Amino acid sequence: MRTARPAQRTAACGNGKCEANQGENCATCAADCGCKGDDVCYQSACCTPQTCQAMGLSCGQASDGCGGNLDCGSCGEHQACISGKCQVQPYCGDGKCQANESCASCPTDCGACVDCSELDNTNELIADRNFHRGFIPLNQQTHKPEGKMPTGWCQQDPIWEFSQWDSLGDLYTSPKQVLPDGSVMWSNEYGHVIIGKPGSQKADLDMAVWAYKEYGGQYHTPTAERKWVHMLAEQRISPPGVNRAGSPPLSHLAHLDFNVVGQLIQDIPHHQQGYDPSKHAAQFLIYFTIQNLNTDSPGFGDYLWFGLTLYDDRYDVVPLSMHGDLSNGLGTGKFIYNIGSAPFVSAGLTPGGPEKQFAKDILPDIRNALLEAWKRGFLKDSNVLSDYRIGGMNIGWEVPGLNDVEMRVRDLSLRYQVRSADPVVFDFNKDGDTEGWTAYNMTDINGGPVNGLWILDVPGNDPYIVSPEINVEAAKHKVLHITFANDHNPADTARMQVFWDRFGDHGFRESWSVWVNVSNGGGWSTIDIDMSQNPAWTGEIRTIRIDPVISGDGHAVGFDRIWL
């Protein structure tokens with residue numbers, strides 16, 4: 001027997017019941033399932049639309065969450081709608097010199113462009129010594145310029161080059177930031193560089209290296225591929241490669257006055273197992289190249305490194321050091337002469353401590369550096385002082401250790417004073433005083449000059465007198481004048497010979513001499529000798545030797561005055 005199926009209940013739209021189990025919803029049966037209030041039917045369900053106010057939006061377009069669009073309004077002048085909020089945007093005239101603004105594009109905020117072309121002193125060798133023009137970054141691989149890092153304050157382009165050898169992160173690729181005091185900064189996780197705004201009381205330059213991050217917290221072993229981290233500002237001082245006259249030859253100089261003020265902001269050494277002070281350090285250094293820039297010299301282009309140390313974490317006061325630079329791919333192979341910090345300060349810089357001034361005439365130290373280099377076989381193609389000039393310089397950090405370090409410097413300067421061209425005069429006006437001259441193979445009749453005359457007997461061969469060190473520039477002192485008398489020594493020996501030696505090349509030699517005939521009649525006369533007729537009269541003349549005659553027979557010679 002068959003049983004009948006029960007009748008299926010059929011939904012009736014309009015029966016006043018929203019029967020979801022029968023497929024009714026606000027879309028299929030608005031009569032029974034209609035939305036209430038401000039709700040709307042969206043995707044077969046009732047939806048409460050959001051408002052701009054409820055979502056905290058004050059601008060822009062937005063979805064109401066129920067398929068509709070909202071217009072939340074627009075922003076005012078110098079504002080932008082960001083994530084539904086009106087935010088004030090930097091603009092020229094907001095009183096802040098932004099990173100994308102400069103004195104040229106927005107003088108209202110950044111001030112009028114400063115003429116950074118003039119130096120404080122015509123004898124200043126360091127251009128843009130306050131770093132106000134910014135930097136020219138160098139590519140780590142090619143060592144060639146790759147753009148600019150301008151401060152935005154100057155009309156002129158940067159002069160200083162900026163290098164980060166063996167760093168994992170180039171600051172050049174980081175955006176320039178303008179700090180609250182108006183200084184500009186480029187920074188990343190490996191360090192920063194800050195240039196102080198003109199007129200700021202802070203430093204001109206602030207350099208920081210976070211070496212712990214650079215080396216991944218492990219001591220690094222230098223290789224040809226990656227040596228150790230440097231952060232340096234560099235510039236050429238003398239041609240080729242600069243747009244000004246540069247350094248005079250060292251033989252022209254009487255003084256070379258250096259100055260800088262430094263302050264060590266921090267040094268966190270992160271010493272750990274494996275620390276070796278001979279390998280792991282943090283040094284803030286300033287180096288100058290002392291370079292042969294005489295294009296006619298066989299040693300043209302050769303140089304030594306002359307340095308001073310503002311800070312070395314292994315010392316309180318850093319002593320003199322000298323050695324050859326590494327030449328196995330890790331260095332230049334040139335001679336390094338670093339006077340440390342001892343000539344400048346009695347106590348060194350300390351982290352967070354006060355600033356200290358480093359100032360002195362460094363010309364005597366540079367001369368010593370050259371003498372030491374020649375002694376050790378460096379710069380062997382020329383020991384003529386006039387061939388050498390200040391070629392260039394760098395300043396900054398070398399950090400083979402794990403130190404996180406920061407240094408500020410200001411008032412960097414290197415100014416020269418040229419030698420006087422006034423003659424060097426010996427007039428023997430003080431009785432008994434030879435003024436540093438020494439006689440050889442002659443008899444001093446009166447025990448020295450008397451009444452302005454120095455009389456000596458010549459008993460035989462090879463008579464001569466030698467001057468004290470006169471250290472004069474040959475180019476400015478070309479003629480030697482001698483007021484002299486020869487009292488009847490043999491006529492065939494009446495020839496005077498003048499020798500000289502030079503800074504860095506001591507000892508008299510035949511090729512460095514000039515001959516002149518003299519009278520043997522006994523009367524006084526002034527002999528003018530053109531020393532420059534011999535090409536070896538060059539550089540810095542250290543001492544001279546005068547052979548008044550070839551030989552004598554017991555008669556006298558006399559000197560009244562010698563001047564050069």
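Me: Is C52 buried or exposed?

Reply: C52 is buried, with a relative accessible area of 15%, where buried means under 20% relative accessible area, exposed over 50%, and partly exposed in between, using a 1.4 Å probe and protein chains only. This is a predicted model, in which local features need pLDDT of at least 70 and side-chain atom pairs count only at pLDDT 80 or more, while totals for chains, interfaces and linings use all residues. Residues are numbered from 1 along each chain as its sequence is written, and side-chain values use heavy atoms, with hydrogens and water left out.

Me: And which residue does C52 form a disulfide with?

Reply: The partner of C52 is C72, and their sulfur atoms lie 2.0 Å apart; a disulfide here is a pair of cysteine sulfur atoms within 2.5 Å. The link is left-handed, with -85 degrees about the S-S bond. It connects distant parts of the chain, since C52 is in the loop between strand 2 (45-47) and strand 3 (61-63) and C72 in the loop between strand 4 (69-71) and strand 5 (79-82), 20 residues apart. Helices (H or I, at least four residues) and strands (E, at least two) are DSSP runs, numbered from the N terminus. C72 is buried as well, at a relative accessible area of 11%.

Me: What does C59 pair with?

Reply: C59 is joined by a disulfide to C81, S to S 2.1 Å, and this link is right-handed, with 90 degrees about the S-S bond. C59 lies in the loop between strand 2 and strand 3 and C81 in strand 5, so the pair ties together parts that are 22 residues apart in sequence. C59 is buried at 3% relative accessible area, whereas C81 counts as partly exposed at 38%.

Me: How many disulfides are there in the whole structure?

Reply: A search of the whole structure finds nine. One of them is formed by C26 and C41, with sulfur atoms 2.0 Å apart, and that link is right-handed, at 70 degrees about the S-S bond. C26 sits in the segment before helix 1 (30-33) and C41 in strand 1 (residues 40-42), so the pair ties together parts 15 residues apart in sequence.

Me: Switching to the core, which residues touch the most other members?

Reply: In the largest nonpolar core, of 72 residues, these are F258, F288 and W397; such a core is a set of buried Ala, Val, Leu, Ile, Met, Phe, Trp, Tyr and Cys residues joined through side-chain atoms within 4.5 Å. Apart from this one lies another core of 35 residues, including M442, W454, A494 and V514.
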